[in-house]
Amino acid sequence: MAAQKPGLARGTRDFGPVQMSRRNYLFGIIRAVFEKFGFQPLETPAIENLSTLTGKYGDEGDQLLFKILNSGDFMKNASDANLSERNSKSITPEISEKGLRYDLTVPFARYVVMNQHLHTFPFKRYQIQPVWRADRPQKGRYREFFQCDADVVGTNSLLCEAEIVLMIKEVFEKLGLADYSIKLNNRKILSGIAELMGAPGKEGPLCVAIDKLDKIGEEKVFEELKERGFGNDAAEKLKPFLQLSGSNATIIAGLEKLLAGSEVGLLGLAELKEVMIMVEGFGIKVDQLAIDPTLARGLSYYTGCIFEVKPTSVQMGSICGGGRYDDLTGMFGLPNVSGVGISFGIDRIYDVLDELNLFPAESVRTSKVLIANFDEASAMKSLVVLSKLRERGIAAELYPESAKLKKQFTYAESKGIPYLLMAGESEFALGEFGLKNLQSGEQKTFTVDQIISELR
RNA sequence: GUGGUUGUAGCUCAGCUGGUUAGAGCGCCUGAUUGUGGUUCAGGAGGUCGCCGGUUCGAACCCGGUCUUCCACCCCA
């Protein structure tokens with residue numbers, strides 16, 4: 001039988017030792033920051049009931065859900081009508097009731113509602129797990145990728161928003177990434193703009209259109225708005241908003257005037273101002289933070305502040321995003337619990353750091369020393385040495401065969417092991433061993449105890 | 001989901017208007033060097049040209065389908 005050719009499912013990747021070392025380095029930094037801000041870990045299943053997932057991400061999102069075929073004879077419940085019409089959309093609920101999670105926020109909301117009794121509010125959790133989207137893959141866009149989320153539910157305090165900004169700053173500072181911007185806006189401001197344009201409640205289409213601003217330009221945005229049913233004077237009303245620029249203070253002052261006729265809009269602005277004041281209150285300057293009233297991104301469940309982080313020196317989509325959602329737990333029967341959160345897209349951050357060569361060399365984990373294997377008897381005696389090294393916390397390994405030294409050297413080098421220990425017959429006779437630094441080529445003779453203090 | 005694009009050795013890529021045994025560099029393996037790698041030299045292995053089908057006397061090359069990659073749209077981390 002011909003062997004089948006191995007391959008990966010579209011949009012998925014394997015992560016080798018080097019990649020995993022770097023990914024763990026990223027996870028470690030993000031986790032440490034989350035914990036420092038008082039967030040506690042949580043994990044939820046990869047698989048959720050489709051009823052939990054659908055209707056939370058908008059029509060587009062629903063389309064991108066990976067659905068799981070029912071176990072067993074999944075066709076027995078499929079209706080003849082849908083079968084003969086080959087109607088995929090209406091037959092889906094008949095043959096699939098589970099799906100892969102699309103993000104971590106909705107499963108979190110589900111968890112909160114199911115476990116209200118366990119937690120006192122506000123509840124702060126972080127969650128680092130993969131999510132799946134049946135999107136068409138591109139650079140920085142995968143079908144399986146990890147999100148690193150931190151969310152607070154059960155408080156309306158804008159302190160949470162301010163702390164999110166600080167966490168973003170700290171994570172990227174620790175990663176050595178300086179070229180990025182944190183864009184901040186508020187859904188209520190967008191609602192206000194829609195209201196002033198004479199199309200209250202239509203912030204959805206408005207968002208979609210103005211989000212394309214830097215791609216297609218003002219004129220095309222206006223055209224699109226017209227197509228989507230905005231009135232003729234809508235464009236004129238929108239223009240001044242699009243032209244706002246300058247410092248955050250200038251933009252706030254501008255918004256103050258422009259939004260004067262909209263109660264929601266002013267509410268959103270007040271929230272923005274408070275977040276800015278709180279960030280300032282921490283005594284930390286966040287130069288990357290920029291208020292952008294045209295920032296429209298975010299899933300459909302956002303209702304207040306929205307965030308987006310983009311690298312500025314690398315061609316890449318957002319590497320971090322989030323916002324406040326007032327009604328998510330309400331969809332599962334627990335109303336009046338507001339939440340706000342942030343999600344770091346580790347796979348994109350990885351690509352950005354890789355492109356900018358920002359991974360420290362030490363981020364690759366490997367043994368500190370390789371004990372050369374000269375012959376069976378010496379190898380046997382090396383085992384005690386190996387134990388002693390490991391007892392003292394030194395990652396060490398013995399080459400498993402008495403291969404040629406050249407081969408053992410090559411092995412150590414390719415694995416990035418910095419030291420090679422010569423442990424043959426004569427060394428054991430003397431009780432002293434040659435320790436060679438593979439990078440410098442320098443070799444010195446030590447007793448086992450000296451080796452330990454040398455390598456620690 | 002729509003339109004386009006890519007696919008040749010482990011890696012980066014050549015391969016003329018279809019014409020015999022498909023090449024290079026790097027890497028890998030062996031030896032020079034029976035216990036000291038990274039340099040040098042000598043040799044060697046490795047490809048059903050993404051997959052399936054079609055046209056043709058003959059296909060890596062042309063055509064169709066499919067998968068994959070990347071790009072645009074859509075949306076997003």
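Student: Which residue takes a positive phi just after helix 1?
Tutor: Gly 38, with a phi of about 90°. Keep in mind that this is a predicted model.

Student: How many residues does helix 1 have, and how far does it reach?
Tutor: Helix 1 covers residues 17-36, which is 20 residues. From first C-alpha to last it reaches 28 Å, close to the 28 Å expected at 1.5 Å a residue.

Student: Which residues of helix 1 are buried?
Tutor: Ser 21, Arg 23, Leu 26, Phe 27, Ile 29, Ile 30, Val 33 and Phe 34.

Student: And what covers them?
Tutor: The cover includes strand 5, strand 6, helix 7, strand 11 and helix 14.

Student: New topic. Which residues have the most contacts inside the largest nonpolar core?
Tutor: Ile 168, Phe 172, Leu 238 and Phe 344, in a core of 100 residues. Helix 7, residues 159-175, gives the most to this core, with 10 residues.

Student: What does Phe 344 touch?
Tutor: Its contacts include Ile 30 and Phe 34, both among the buried residues of helix 1. Phe 344 also touches Ile 168 and Phe 172, among others.

Student: What lies apart from that core?
Tutor: Another core, of 20 residues, including Ile 371, Tyr 419, Phe 433 and Ile 451.

Student: Last one: how many helices and strands are in chain A?
Tutor: Chain A has 18 helices and 16 strands. Its radius of gyration is 28 Å, well over the 23 Å from the globule rule for 456 residues, so chain A is more spread out than a compact globule.

Methods:
Residues numbered from 1 in each chain as written. Chains lettered and ligands numbered in written order. Predicted model: local features only at pLDDT ≥ 70, side-chain atom pairs only at ≥ 80, totals over all residues. Heavy atoms only, no water. Core = buried A, V, L, I, M, F, W, Y, C linked by side-chain atoms within 4.5 Å. Buried < 20%, exposed > 50% of the residue type's maximum accessible area, 1.4 Å probe, protein only. Helix = DSSP H or I, 4+ residues; strand = E, 2+ residues; numbered from the N terminus. Contact = heavy atoms within 4.5 Å. Expected span 1.5 Å × (residues − 1). Rg over C-alpha atoms; globule rule 2.2 N^0.38 Å. Lists of a residue's contacts leave out its neighbours within four places in sequence.
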